[in-house]
Structures are given as C-alpha cells and as structure tokens.
Amino acid sequence: MLRNTIYYRVKPFIPQSIRTAVRRRVASRLRETVADIWPIMPGSERPPQDWPGWPGGKKFALVLTHDVEGAAGLARCRELMNLEMELDVRSSFNFIPEGGYGVPGELREELTTNGFEVGIHDLRHDGRLFASREAFNRNAARINHYLRDWGAAGFRSGFMLHNLDWLHELDVKYDASTFDTDPFEPQPEGRHTIFPFWVPRPNGTSVNGQHSLSNSSSRGYVELPYTLPQDSTLFLLLGEKTTSIWKDKLEWIAEHGGMALFITHPDYMTFSDRPPGRAGQYPVELYKSLLEQFRCKYAGQYWQPLPKEMAAFVAGLPRRPTNVRPKRVAMISHSVYTSDNRVRRYAECLAARGDRVDVFALRQDRDASNRETIEGVRIFRIQDRAAKGERLKLAYLWPLLRFLAVSSTQLSRRHLQQPYDIVHVHNIPDFLVFAAWYPKLTGVPVILDIHDIVPEFFASKFRVPSTGITRKALMWMERASAAFADRVIIANHLWLDKYAQRTGLNGRCAVFINHVDAKLFRCIPRLGQNGRQIVLYPGGLQWHQGLDIALHAFEHVARNLPTVEFHIYGDGSAKESLVRLTGELGLNDRVRFFEPRTVREIATIMANADLGVVPKRADSFGDEAYSTKIMEFMAVGVPVIVSSTKVDRYYFNDSVVRFFEPGNADALAREMLLLLRDVESRKRLAAQASKYAAAHCWETRKADYLALVDSLCTSDGQACASLETPDGAGLS
C-alpha cells in the first residue's frame, strides 16, 4: 500500500515516542469499530477440507514464537529461554540478520542445543522488504544466505507485511508472516483461519515465470498464521493490564481444535534488569502465569511443536490443507436490506461460503439499530428511508445525493481500515457506483447491478416524455456509471442488448434475473382464513405497477364474491392515491393496506394467499421490467395473474401464469373470477408454476454469481463462460 511505503520511508526521522503515541490513539479508536472481527473472526474456526486432526489425537496445538527487534531483546533471550525450560515448553526465537544488533553464533547454538528453534525475522526490519519485486529478489538472496548459515527453516517478515507469492523465492519450510485477524497491523488483510495451511507454487515456477533455484520451497511451503494477539498490541498499543484477551482466545481456539500461535517480544518484557511498569514494557510474569495456567488446565490435551515441526507435519499430510482467503465484500444499496430480496440473496450466499460481507443500506425506521448482523451479513444502516410520496424531482434527488455522500464516506473509511476485495453497488441510482471511488482507486473491482434502467424508470415514475434534456442527462449518467464499473449485472435479458448498446459495454454485462430464493419461498401448510379468499399484491406502490387497475378490477370481483378480500403490502409514491381510490370505489371493508414487511415475513404471507396479481402497465418501463413477485408466488404454490407485458411473455407462458391485457381492468376481473371460482384450475396452474420456479430458483445461478465475484478478484478478471448463457430463456 502507498500509505505503508510512505510511512516506512519517513519512519526513521520520527521520534519513537511520537510514533507510539500516534499508534496508540489510532488503535484505541479502531478498537471500537472492529469488535465483531477481533480478537475472534467468526468463521475462522472452520477446519480445512479433509483436515485429519492433530498428531496423537490431541485436541489442539500450541506454538510459541518470539521476535527479537533490538539489542535489548537480544540481551533477554537467555532469561526467556530459561523461563520456558522451567515450564517445559519450547519456542522459536526469530532474529533480524542485518538489523541494529549482531546475533552471536554461540547464542544460536545454545538455543538449538536446548531444544529451541532459530528463525529469520525479515532482513533489516525496515518495512521495505516488499517495496518492489526487484528489491525483494535482491533481499531474498541475502535471506537465503542467512537461512543456510543459521540452519533455519522458517521466516517471518517485519511488521507482518507479506506477499505469499513472492515468498516462494525463499529456501524455507514455512513462513509465519500472516494472521487469522489483526486489524491493527499495517497490512490488515487476515487469512481468516486458525489452522496452518500449504501455499503451493503455481505450476512449480517462480513468480516471474522462471524455475526456482530454491530447494525446500520448490513445491511450496507451509504458512503458520499467528492466532493470538501480539503482546505489543495488547500491552503497548491497547494498554491492557491483564491476559484476559489471551485467555479467552486460547479457550476459543482449544474448543474448536485449532492452532494457538503466539508472538511475543523479549524487547517489551520486563525481566530482572528493569523495574516493573516502565513505559513500553510489560512484566514477563503475565506471560509466565498464562503458560502455567494453560499447562494446568489443558494438561495432556494439546500438541506443542516447534514451528518447523508443525511445518513438517502439514507438509507430510497426504492432502495438504490450502487456504482460500475469504473475501471482504462491500455492497451499497439505497434500499432496506431486509425487504430487498435481490441484495439479500447476493450477500447471504457470499457469507454462507465464509466471505465477510458489509452492506450499506437504509434504515426502515428510527427504532432500527444502526448496525446488525443477519445470516452472517453485517448491515450498516447509514440513512433513514425517505418518505415514498415524492412528486418533485428535486425532492426525489436529494436523499439519493445524500446517500451517495454518506455511503462514500463510510465505505472509504472501512476500506482504509480493512481493504475490501470487491464492491457491489446496486442502482437506483446509477451514480451510486461513484461511492466506490476510493476502493476503485486502490485497484478494487466494482460491480454495478442494474435493478432498473433509470431513463425509462424516471419517465414512468414522473410521467414525463421519454425525450428532452432530462433524458439526455440520465443517459449520459448511465454511460458514465457503466464505464466506471468493471462489470455490470442486468436484471433481465430484454434490457441486456438495450443497455449494452447505449453504454458500449458489450462483453462486460451479465444477466441475473430476480431469482427466487427457494429456502424462503416454498410451499408450507396454509393457515385458515375463516372462510375468506385472499387476493394478494406485495411490492412497490408506484404508478407503473398498475394497482389502480387492480382496484377497479376488484370492484367487479367484490360484487360477485362476497368473501374475497384484496390485501396490499408495500409503500410508494402512489399509496395515497390508491387509498383514496379504494374509498371512492366503496371497497374500504374489502381492501386492506399493510406496511412493507421483511422478505421472510412476506414469504409466509404470500404462501397463505389464494391468488396473486401483478398488474403492471405496459409503458416503456413496465413493459420490460421483470417482476420478482411472479416467481415468488410460483415458488410458494399460489397461482398468479400477470399483465401480458413483453418481459413476462419472454419468461413465462400460459401453462404457468394467467395473462390479461395490460391496462384492461375488465380482463383482469374475468381472470380473477375464473380462478377464484375454480379450485382445480388454481391447483393445476400452481403445480405447473412450482415446477418452473424450482428449475429457475437462485440455487441454479448462485454458483455463477460466486464465479463472477471470484473472477473479478483475480488478476485477469475473466468471467466464467457460464455467465454468457441465458439464465431464464422463455418457455416456448
């Protein structure tokens, strides 16, 4: 990162006291925002595939390491060695070959003679080891010299900076430069695992494509992430006075059978040569008492190898465990997360495979918490949901601009703390994609998800002509937003060609319709309705949705079927006029309006309806806007009547839905009466529709979305071939 490069260049000129004071202040503020990922990262306890367990059937493993940063630490190595020998434990001491002190050969020999290990800690510990590929190659040759001269098997870089690909150039059995989670490090991307893993060399070649001259890492090496907070973090930066964080994390690791790997620094330990409580120090008794309590509590339950012994164990497994680092994904959506099925599907499928997903969204009401975790997805509610009665264009625009500013600020701040791997932005509006400017600047790929094409949506919402300066401005913004994104997802196939032609993005667009989530929308036992029949509409209450048409149709149905009720769930700019129309038609006792519900709640409500209606108008927007509600009704086993729009004729036919002429209230009333009076017709239609929904549910496309995300996070960014195939070809 550029920030690290600049910092380590100027670091020698900044007094230690100032550096420490600044780091403490930053760490204190950061700690408040990372409580959900540190010291424990949820999901990191999952063992690798085919994990065989520890030697001798032990419950978990304990690995001790010490990094010696200066002459003071060097002078305390023997005391620390003797302390651990008294406790009958062994560890690795990692020295800086070309740092500010010399490493006596007799000390290294004494350590190894007593059963300890000696490792290499960086080359100069100046933060510049990975400054460039060329510089690293030169330094790697020096490091390999010391590895051979000292008989060392392992390496750890300074400041936990790492590039696992470049490290293949070292003659090592293992590297220990990563961690499960540590947001306080300058390169805070953790590996999100408390287990060791194998890092294979791609195709047996070096990073620059040449065959490596190294021996021990010619096929790969073992990575040993530290899984307990460093002593310097706990006692120096955060000012902890006890070992409670260590104890809690140790117990958690032991419970899940992982590897507890310590990093301590003799430089910061107070031995007999210094009085307790000195600034920048902590009493070694804290470390000693922790080990004593640990040995007593877990006697006989753990394996305590040296790092090189751990590496030999992992390298010798028939199936070496590998680690695919969970991705950090940010999503931005000017919607209420719990009510937005499309956003929720994406986020939860990523979280289910172990990725860290943050969603920046709207708050339904002021009582909702600002932050919540749902199914492993972290929700950040950053702005209140605006009223849905906007009739003025500027009144509609202002909340969107405000959300752009707030989401950009929040996203940038969190990306600075822990970088994201990919950002997925959902329209409306298109320009919301620019909230990802900072991650984009640092090389993070951005997906723009087109739920609705804005020029047509705007014309329909405000009932203005699809011409003029406003449309030109919207189309310019559409092109600019698309150009900013690395990949665009379109919500249906009819929009694909139109959008690609208007934006020039042929080959960079993929279609994902609003697939139904079969885990939520499924047939369930129906609740009794006390002899009533329920016609249902759940969704947005905008003019293009045609609810006024449905109300006029229902007036005729209500006169013929006295037990039928029309239930409308949702909110939108047309709600006030729809409530007024209901009164004018004399339907107040037969039509009921309900507030929006969460996706889970609405799935149950839909499953208990007798008939669903989707009465869209066939204007320039509604004629091509795919409605998720149709497949949701199908999935829960409820027959649905659909306006015969272009998009719905593309995806469905008369065997799975009943069509009516768009805008024709009499035609809709006829279809409603026919199905409400004929139980067998409803059953046949619902059975056919259920089969269609099962064949086109989210499970059939989820792998394609995950592949798209993975492909964008690789260097070449090539999408999988499956993304080019239609995902919802219409029924013939």
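**Exercise 1.** Determine whether Cys713 and Cys77 are buried, partly exposed or exposed.

*Solution.* Cys713 has a relative accessible area of 29%, so Cys713 is partly exposed. Buried means under 20% relative accessible area, exposed over 50%, and partly exposed in between (1.4 Å probe, protein chains only). Cys77 has 0% relative accessibility and therefore counts as buried.

The model is predicted: local features need pLDDT of at least 70, side-chain atom pairs count only at pLDDT 80 or more, and totals for chains, interfaces and linings use all residues. Residues are numbered from 1 along each chain as its sequence is written, and side-chain values use heavy atoms, without hydrogens and water.

**Exercise 2.** State how many disulfides (pairs of cysteine sulfur atoms within 2.5 Å) the structure holds.

*Solution.* The structure holds 0 disulfides.

**Exercise 3.** Describe how helices H4 and H5 pack.

*Solution.* Step 1: H4 covers residues 77-86 and H5 residues 105-113; helices are DSSP runs (H or I, at least four residues), numbered from the N terminus. Step 2: their axes, lines fitted to C-alpha atoms over the stretch in contact, lie 11 Å apart at an angle of about 5 degrees. Step 3: H4 is therefore roughly parallel to H5, as angles under 35 degrees, on a scale from 0 to 180 between N-to-C directions, count as such. Step 4: Cys77, Arg78 and Met81 of H4 meet Glu106, Leu107, Glu110 and Leu111 of H5, where contact means heavy atoms within 4.5 Å.

**Exercise 4.** Identify contacts of Phe95 beyond its neighbours within four places in sequence.

*Solution.* Phe95 is in contact with residues including Cys77, Leu107, Leu111 and Trp150.

Terms used:
Helix = DSSP H or I, 4+ residues; strand = E, 2+ residues; numbered from the N terminus. Parallel < 35°, antiparallel > 145°, perpendicular 65-115°, else oblique.
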